[in-house]
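Student: I would like to go through the labels attached to this structure and see what each one rests on. Please set every label against its cut-off.

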Amino acid sequence: MNAVTLSGLLIVLIWVTALGLKPTTGQTAFKFALKKASLDYWQHGIASGAALAPFFVGIGTFTYGFQHSTISSELTHALAPSFAHLGWLLVVLIPIIVVLVSLIGIHPLASVALIGKIIMTMHIALSPLLIALSLNIGSVVAYMLSPFAGIVMIVATLLHVSSATVSVRWNWQFCLIFLVLSLSVATLLSLIF
């Protein structure tokens, strides 16, 4: 992550420097727009991001606590026998459960951790690759549909709309298509590999 961050920073610095040094007719306008955008981000953008910081810390703390709680253990013992008998239906059910749990307020990371923990205790005939892809697809859809997901909350804050508008109202059609296509490709991959 350090290498990715450093390379991204270098690209941005080189690009901004090249644009600032390149003599053009609109150089004064560019420098003014860059200064205005920088000041606007410093005054408003950082403050809106900082307001959401406690939310992200809370998500991490809740996820860790939920994974190590007795509730998580009890749910694992209660649901494991039912999940073991589902077979191929489990591939479709996993993303749906992750999404439903995220819609009631459990962060997708916590629901994926719980479902993954339950599935690891079972002896099922499905490919581990297919289960992993199904969990991943469920978390991607949950991040787009959950009004409690960080990116949804940031977009809602920036656009001054409710997070439910961004998540459910704007994203549901794309998520449905993504879910069907992704599960089809995941199933095909599991049959090939």
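Tutor: Start with contact, which means heavy atoms within 4.5 Å. Among contacts in the protein chain between residues at least 6 apart in sequence, 70% join residues at least 24 apart. This is a predicted model, in which local features need pLDDT of at least 70 and side-chain atom pairs count only at pLDDT 80 or more, while totals for chains, interfaces and linings use all residues. Residues are numbered from 1 along each chain as its sequence is written, and side-chain values use heavy atoms, with hydrogens and water left out.

Student: How many helices and strands does the protein chain have?

Tutor: The protein chain has 8 helices and 0 strands. Helices (H or I, at least four residues) and strands (E, at least two) are DSSP runs, numbered from the N terminus. Read along the sequence, the pattern is α-α-α-α-α-α-α-α.

Student: Why are α4 and α5 called oblique to each other?

Tutor: Axes are lines fitted to C-alpha atoms, for helices over the stretch in contact, and angles run from 0 to 180 degrees between N-to-C directions. Angles under 35 degrees count as roughly parallel, over 145 as roughly antiparallel, 65 to 115 as roughly perpendicular and the rest as oblique. Helix α4 (residues 89–103) and helix α5 (residues 108–120) pack at about 140 degrees, with axes 9 Å apart. The pair is therefore oblique. The contact is made by Ile94, Ile97, Val98, Val101 and Ser102 of α4 and by Pro108, Ser111, Val112, Ile115 and Ile119 of α5.

Student: What is the make-up of the contact of α4 with α5 by class?

Tutor: Ala, Val, Leu, Ile, Met, Phe, Trp, Tyr, Cys and Pro count as nonpolar, Asp, Glu, Lys and Arg as charged, and the others, Gly among them, as polar. On that scheme the contact has 8 nonpolar, 2 polar and no charged residues.

Student: What makes α5 and α6 roughly antiparallel?

Tutor: The axes of α5 and helix α6 (residues 128–145) cross at roughly 160 degrees and come within 9 Å. That angle falls in the class over 145, and α5 and α6 are therefore roughly antiparallel. Pro108, Leu109, Val112, Ile115, Gly116 and Ile119 in α5 meet Ile131, Leu135, Ser139, Ala142 and Tyr143 in α6. Those residues divide into 9 nonpolar, 2 polar and no charged.

Student: Why is Ser190 called buried?

Tutor: Buried means under 20% relative accessible area, exposed over 50%, partly exposed in between (1.4 Å probe, protein chains only). Ser190, in helix α8 (residues 163–192), has a relative accessible area of 12%, so Ser190 is buried. Not counting residues up to four places away in sequence, Ser190 touches Trp88, Ser127 and Leu130. Of the 193 residues of the protein chain, 28% count as buried.

Student: What makes Pro128 exposed and Ser184 partly exposed?

Tutor: Pro128 lies in helix α6 and, at 67% relative accessibility, counts as exposed. The C-alpha atoms of Pro128 and Ser190, 62 residues apart along the chain, are separated by 8.6 Å. Ser184, found in helix α8, counts as partly exposed at 43%. Its C-alpha atom is separated by 9.9 Å from that of Val92, 92 residues apart along the chain.

Student: How do you know that the buried residues of α7 line one face of the helix?

Tutor: In helix α7 (residues 150–159), Gly150, Val152 and Ala156 are buried. Seen down the axis, the buried residues fall within an arc of 160 degrees (taken from the directions from the helix axis to the C-beta atoms), so they line one face. On the other side of α7, Ile151 and Leu158 are exposed.

Student: Where does His160 lie, and what is its phi?

Tutor: His160 lies in the loop between α7 and α8. Its phi is near 60 degrees, a positive value in a residue other than glycine. Most residues other than glycine have a negative phi. With a relative accessible area of 73%, His160 is exposed.
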